[in-house]
Amino acid sequence: MKTWQLTPIILLLLATIGITIYIYNHRFTEKTKFHRIPITEEAIIYEAPLKDKETINILILDGGGVRGLIPLYVLQYIERQVGKPINEIFDVFSGVSTGAIIATGINIPMKQLREQYGDYGSKIDLLIKLYKSESKYLFSTPWYHKILTGAGMFSPRFMGDRLHQVLKFHYSENLKFTDLEKPVIMPSLDIYTGRVHLFKNYGEEIAELPSNSVYQLVVAASSAEGVFPPVDFITSSRDLSHRYFADAAVSENDPTSMILLDIVEKYPNKNFYILIMGSGTPPLRSAKDSYQDIKNWGRLQWFPDIITDVQRSMDTQQLYALRIAKLLSPKGRIEFDYLNVKVNNPKVGIFDYESIDSLKIHADRLIEENKPEIDQAIEHLKERSE
């Protein structure tokens, strides 16, 4: 068959593939939708159990996908050294993306966990088991989805329904956000306004929540853009305020300043100890290349380093803000520790479930490299949790 005879066949084949990709991405990729349910006055907890505390201990966890195992292993170590469960050591919990899953998971009522898992050990131990058992399911996709979405170029990379199912099972359909044992603050990106919205389980802001369901709010707070579909809280009216939500990591991967401001405004006469935990910082690609190679990079080659630099900048700016706050406050009023580790050798991506076993190595290295800071944090927590 001659080339000119093949051309129509090739064009028809390309058109068919293009139409199939378009239809799949616009009609058949999953949506995550929940009904927006107004929260009644009776459910609002106006006063968090913090007014009698002299020092408020705050735990803040960065985003990072499967690398959330790194702070979990470190929390396991701290828990054993202090001799108390993490949910008894800290007073306020916050986290972005995978950090939101950890912050809420630590505060699920013990009664529910016993009914669901039996003798589960500590909550940290249980979360480690769940991360190791569920990561492959969450961060793998059917072959057709991978091909038709261009590996996440045209639609979310992973299946939103899987995230929904896992969180719904772990938290249960009936657990309310206001039922969690301690104050929890989860940042989520309000796509309609472009602002970070704080989901809080205490205070007047409860009335502004799109739902009181823990698993629905956690899905909204951990649906990373381009990775899982954002959450649509369907309303019966045309009011779009606080309707579409996604992972806040692209805006506030380390929300320390927002969280501290919120707590200080409500409890201005307290002392504060903040432990901030990262989930590993990847190395820059440019660190391993010569200038001869880097000078020819275009936007495609620079993109991974730009994302990493944005995350590093967020952490740095938050730490600057904390240092300023500490310097301007009376001695001992604000204390903090920041724990993180470089992720290299081997490099582990935030969705790389196949390298999940190496995360324990990274956590052990974090503990070893930050031993003075961790010992200091443990002493702070021992003194202030008695």
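A residue is called buried when its relative accessible area is under 20%, exposed when over 50%, and partly exposed in between, using a 1.4 Å probe and protein chains only. This is a predicted model, in which local features need pLDDT of at least 70 and side-chain atom pairs count only at pLDDT 80 or more, while totals for chains, interfaces and linings use all residues. Residues are numbered from 1 along each chain as its sequence is written, and side-chain values use heavy atoms, with hydrogens and water left out.

An unreviewed UniProt entry lists Ser 97 and Asp 247 under "active site". They are spread over 151 residues of sequence, yet cluster in space, with a largest C-alpha distance of 5.7 Å. UniProt positions follow the numbering used here, feature names are shortened, and annotations may be inferred rather than shown by experiment.

Helices (H or I, at least four residues) and strands (E, at least two) are DSSP runs numbered from the N terminus. Ser 97 sits in the loop between strand 3 (92-95) and helix 4 (98-105), whereas Asp 247 belongs to strand 7 (residues 244-247). Ser 97 counts as buried because its relative accessibility is 10%; Asp 247 is also buried, at 1%. Contact means heavy atoms within 4.5 Å. Beyond neighbours within four places in sequence, Ser 97 is in contact with Gly 63, Ala 221, Ser 222 and Asp 247. By the same criterion, the contacts of Asp 247 include Val 96, Leu 189 and Glu 225.

Among the buried ones are Leu 69, Tyr 73 and Glu 79. Just after helix 2, Gly 83 has a positive phi of about 85 degrees.
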